[in-house]
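This report goes through a predicted model with two protein chains, one topic at a time. The sequence and the coordinates come before the text.

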Amino acid sequence: MRNESEVIELLENKLNPLSIEKLRDQNITVTLNNDQLVSGLNYLKSHSYSHLATISCVDWIDDNEFELVYHLFSYQDKINISVKTRIDREESKFVTIKHIWAVAQYYERDIHDFYGIEFEGNDDMDELILENWDEIPPMRKDFKTREYVDQKFEWREYHGSE
Amino acid sequence: MKDKFKSSKWQEVINWAQKKSLFMLHYCTGCGAIELPPTMTSRYDMSRFGIGPAATPRQADIFLITGYLSTKTLRRVVYTYEQMQDPKFVMGFGSCTINGGMYWDSYNTIKQLDKYIPVDLYIAGCMPRPEAILEGFMKLKNKIETGNADGYLRYKEDYDFYKENQEKVLGEVKRRQ
């Protein structure tokens, strides 16, 4: 069982990350380049970080980038590692990791639903959560929720006193 | 035909019998589901009012929608409602079915249930307690006895209205006979 500083030292030597820090106990965040990500995840998986909890996404609209966050956990070290990478927002394309964790294809479908990111190699991109969605993906920051709600749904009218 | 039925003595007998035995399909979409176990079980025991839970839509009289409906669940609600046999009564439960509740500005939940299926009775609250649910059931029973719980007739009469609203938020709605 390794502690956080040992893991950080290991990853700094092996993965050549853009940044790495301990956020709090049992929690490390690593930022990798796009092309390092798959090999980095492979490396982590073979070093006891075998549990992919989820993949999440952040829309940094001012930087014109999406940030993908892969949440890993080790049952030996009892440490969470968030592996982050940033991709171009206009292109919004990345590679799948479903050959490393099969479950990732559902997380990627979910992100495709809500952010519109395509994952090369993952062809099954049917809607997972949404149904018949007809606008830009709803979790993108430039999606205008109130305007959409106003035109799609009607508000109930009240006739009581103001 | 509706008025004739309403006024006939035979219909009054049917209504009277009907209100004594109601089976409820609870469509537990939201947090309201948590109020139903105490309502059904010994603490509040709704079976003393002649109301029991039903397992399938085809055996149910009351359709209880307990909370918010995303457009995806609304589609299932419409299918379920159309499977139920007449006479059927819909109860909207909690403020989410009335005006969207705390999901009032969500892009994916409907704001007014009665635009999509006819609602006989709303129970306001977030969440309504079991007492409020039982009060709602008593009101519904009164409405059934007086022949005012006519949602299923309205659904047939204003079918175009409901269908138009459904398709506006859902896209195509497949219907099976």
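## Chain A overall

Chain A of this predicted model contains four helices and seven strands. Read from the N terminus, its elements follow the order α-β-β-α-β-β-β-β-α-β-α.

The radius of gyration of chain A is 19 Å, whereas a compact globule of 162 residues would come out near 15 Å. Along the principal axes, the C-alpha atoms of chain A occupy a box of roughly 65 × 40 × 30 Å. Buried residues make up 25% of the 162 residues of chain A. Of the contacts in chain A between residues at least 6 apart in sequence, 47% link residues at least 24 apart.

## The sheet of chain A

In chain A, five strands make an open sheet with mixed pairing, and their order is 1-2-5-4-3. Strand 1 (19–24) and strand 3 of chain A are at the edges with a single partner strand each, so each has one side without a neighbour in the sheet. Direction ignored, neighbouring strands of this sheet are turned against each other by 20 degrees on average.

Strand 4 of chain A (residues 65–74) pairs with strand 3 of chain A (residues 51–60) in the antiparallel sense, over nine bridges. Within this pairing, A:Tyr70 of strand 4 is the bridge partner of A:Ile55. The hairpin of these strands has four residues between them, and A:Asn64 takes a positive phi near 60 degrees there. Strand 4 of chain A also runs antiparallel to strand 5 of chain A (residues 79–88), and ten bridges join the two. Here A:Val69 has A:Lys84 of strand 5 as its bridge partner. The hairpin of strand 4 and strand 5 of chain A likewise has four residues between the strands, with A:Lys78 at a positive phi near 55 degrees.

Which residues form the covered face of strand 4 of chain A, and which form the uncovered one? The covered face consists of A:Phe66, A:Leu68, A:Tyr70, A:Leu72 and A:Ser74. The uncovered face consists of A:Glu65, A:Glu67, A:Val69, A:His71 and A:Phe73.

Helix 2 of chain A (residues 37–46) lies across strand 4 and strand 5 of chain A, and runs at about 170 degrees to strand 5. Helix 3 of chain A (residues 104–115) lies across strand 3 and strand 4 of chain A, and runs at about 15 degrees to strand 3.

## The sheet of chain B

Chain B also has an open sheet of five strands; its order is 2-1-3-4-5 and its pairing is parallel. From one strand to the next, the twist averages 30 degrees.

Five bridges join strand 3 of chain B (residues 62–66) to strand 4 of chain B (residues 89–93), in the parallel sense. B:Gly92 in strand 4 of chain B stands opposite B:Ile65.

## Nonpolar cores

The largest nonpolar core has 39 residues, and those touching the most other members are B:Ile62, B:Phe63, B:Leu64, B:Ile65, B:Met91 and B:Ile117. Two or more residues come to this core from each of strand 1 (22–27), strand 3, helix 4, strand 4, strand 5 and helix 6 (130–146) of chain B. Leaving out residues up to four places away in sequence, B:Leu64 touches B:Met24, B:Leu25, B:His26, B:Tyr27, B:Met91 and B:Phe93.

Another core lies apart from the largest one and has 28 residues, including A:Leu32, A:Leu44, A:Leu52 and A:Ile111. In soluble globular proteins, nonpolar side chains tend to be buried together.

## Contact between the chains

The contact is made by twelve residues from chain A and 14 residues from chain B. On the side of chain B that touches chain A, the elements giving two or more residues are helix 4 (71–83), helix 5 (95–99) and helix 8 (159–170) of chain B. Helix 4 of chain B contributes the most to this side, with three residues. By type, the residues of this side of chain B are five nonpolar, four polar and five charged.

Note on methods
Residues are numbered from 1 along each chain as its sequence is written. Chains are lettered from A and ligands numbered from 1 in the order in which they are written. This is a predicted model: local features need pLDDT of at least 70, side-chain atom pairs count only at pLDDT 80 or more; totals for chains, interfaces and linings use all residues. Two residues are in contact if their C-beta atoms, placed from the backbone, lie within 7 Å. Ala, Val, Leu, Ile, Met, Phe, Trp, Tyr, Cys and Pro count as nonpolar, Asp, Glu, Lys and Arg as charged, and the others, Gly among them, as polar. A residue is buried if 20 or more other C-beta atoms lie within 10 Å of its own, exposed if 12 or fewer, and partly exposed in between; C-beta atoms are placed from the backbone. Two strands pair if DSSP finds at least two bridges between them. Axes are lines fitted to C-alpha atoms, for helices over the stretch in contact, and angles run from 0 to 180 degrees between N-to-C directions. The radius of gyration is taken over C-alpha atoms; the globule rule is 2.2 Å times the number of residues to the power 0.38. A nonpolar core is a set of buried Ala, Val, Leu, Ile, Met, Phe, Trp, Tyr and Cys residues joined through C-beta atoms within 7 Å.
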